[in-house]
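This report is written for a reader meeting the structure for the first time.

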Amino acid sequence: MLLNEANERLGTESAFTVLARANALAQTGVDVINLGIGQPDFPTPPHIVEAAIKAIKDGHHGYTPSMGLPILREAVSADIATRYGANVPISRIQIMPGGKPTMFFACMMLGGKGREILVPDPGFPIYQSAINYAGAKAVSYGLSESQGYAFSADDVLSKITPNTSLIIINSPANPTGGITPKTELDKLVAGLEHHPHVGLLSDEIYDRLCFDGSPVSMLSYPEIADRLIILNGWSKTYAMTGWRAGYAIWPEGLVDYADRLAVNIHSCVNAPTQYAALAATTGPQDCVEEMRLAFADRATLIHQELNKLEGVTCPLPKGAFYAFANISNTKFSAKSFQDTALEKYGVALIAGTSFGELGDGYVRLSCANSQSAIQSAIEKLALMISES
Ligand code: PLP
């Protein structure tokens, strides 16, 4: 077959590879503790599940509008107005099959030969993959442990060239659990004034998972509304990773392209999922708070226990549900730490190098497991380090 050479440029997400290996080991009877994959370990709250069942029983079996159900887009618009005071018309809100398609759509729209797109390193690996697939060049800006894994606006702005079409930011962040303070966001927006050709994609999928203080959305900056893309969704906030429900907010000038991509690729998000998302957004929010508090407690536990390990340091995660630990003073590389932990000690975690070059010497541990599982996983890691 004469294949499209772009296939070779597609990357992947190691969390899925490690998950498959952890499941395979578990099937052979090995006791595996999973701190690898980034998904809440809670079930989807019952009122959300019931709304989907009701939608199926009520006959919502057909296509919906490609941009999503108007009632759900209204609910998203109202939610954003309540939480961020931002006034976003539903014409700019698109319901998506999860968060990932928004980054892919954005890279398809703003990528292409000769374009440069700025991404965090370490950062979510699908950004680079989508950029490469779209024929553009990923240019990374660094996040460091010493800066609490926040980005520096000056550093990001310094990487802009006449070819830069898009900057991708993510706060709270995967894989670091870092949050970039508002002062840096203010600086970034002020600096963008000098670069009117550059768009901004703000991945806010973890915005409801801040452990200290309130989230700041880029929607709070109306001066960039004509070039701001927001990625958000229900996966992490409502423990709905398998439902595939997300939303994008596009600047007016990109809405038509986004709609055409949806029509070409997935037509629409399945209707019962959209009713589930509606129940999530308009229903009681105590489930969100309960999960947030549980993740915050576990993040504190992981932080405290990891710092007791010989050669390991880990700042307290500020949000999302990941701890990013420095293991450079152990005898392991990031990859050998990942492989040894899984194959010999039954602990699934992810090498920092899966998230970029600057992840060398680091590993990511997910807080999406019980406190007792976290405790015994870290005991196993202590043994692994002492036996090395
Ligand atoms: N953005 C970030 C930073 C993520 O960590 C993830 C998932 O891990 C996503 C987007 C994708 O979310 P979804 O599962 O809804 O596609």
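Pro 175 is found in the loop between strand S5 and helix H7, and a cis peptide bond with omega of about 10° joins Asn 174 to Pro 175. Pro 172 lies in the loop between S5 (164–170) and H7 (182–192) as well, and the bond between Ser 171 and Pro 172 is likewise cis, with omega about -10°. Helices (H or I, at least four residues) and strands (E, at least two) are DSSP runs numbered from the N terminus. The model is predicted, with local features needing pLDDT of at least 70 and side-chain atom pairs counting only at pLDDT 80 or more, while totals for chains, interfaces and linings use all residues. Residues are numbered from 1 along each chain as its sequence is written, and side-chain values use heavy atoms, leaving out hydrogens and water.

Another backbone detail concerns Ala 239, which lies in the loop between strand S7 (228–233) and strand S8 (246–249) and has a positive phi of about 55° although it is not a glycine. Most residues other than glycine have a negative phi, and most peptide bonds are trans.

Around the ligand there are 14 residues (a heavy atom within 4 Å), of which Asn 174, Asp 203, Tyr 206, Ser 235 and Lys 236 come nearest. The table gives polar contacts, that is, pairs of N or O atoms within 3.5 Å.

| Residue with the polar side-chain atom | Ligand atom and distance |
|---|---|
| Asp 203 | nitrogen, 2.6 Å |
| Tyr 206 | oxygen, 2.7 Å |
| Arg 244 | oxygen, 2.7 Å |

Taken alone, the ligand exposes 390 Å², and the protein buries 94% of that area, as computed by the Shrake-Rupley method with a 1.4 Å probe.

Turning to helix packing, helix H2 (residues 46–57) and helix H9 (residues 271–282) have axes that come within 8 Å and cross at roughly 145°, where axes are lines fitted to C-alpha atoms over the stretch in contact and angles run from 0 to 180 degrees between N-to-C directions. In this contact (heavy atoms within 4.5 Å), His 47, Ile 48, Ala 51, Ala 52, Ala 55 and Ile 56 of H2 meet Pro 272, Tyr 275, Ala 276, Ala 279 and Ala 280 of H9. By class, the contact of H2 with H9 has 10 nonpolar residues, one polar and no charged.

Helix H4 (residues 100–110) and helix H5 (residues 125–133) pack at an angle of about 35°, their axes being 8 Å apart. Lys 100, Met 103, Phe 104, Cys 107 and Met 108 of H4 make the contact with Ile 126, Tyr 127, Ala 130, Ile 131 and Tyr 133 of H5.

Key:
Nonpolar A, V, L, I, M, F, W, Y, C, P; charged D, E, K, R; others polar. Polar contact = N/O pair within 3.5 Å; in protein donor to acceptor, adjacent residues only side chain to side chain.
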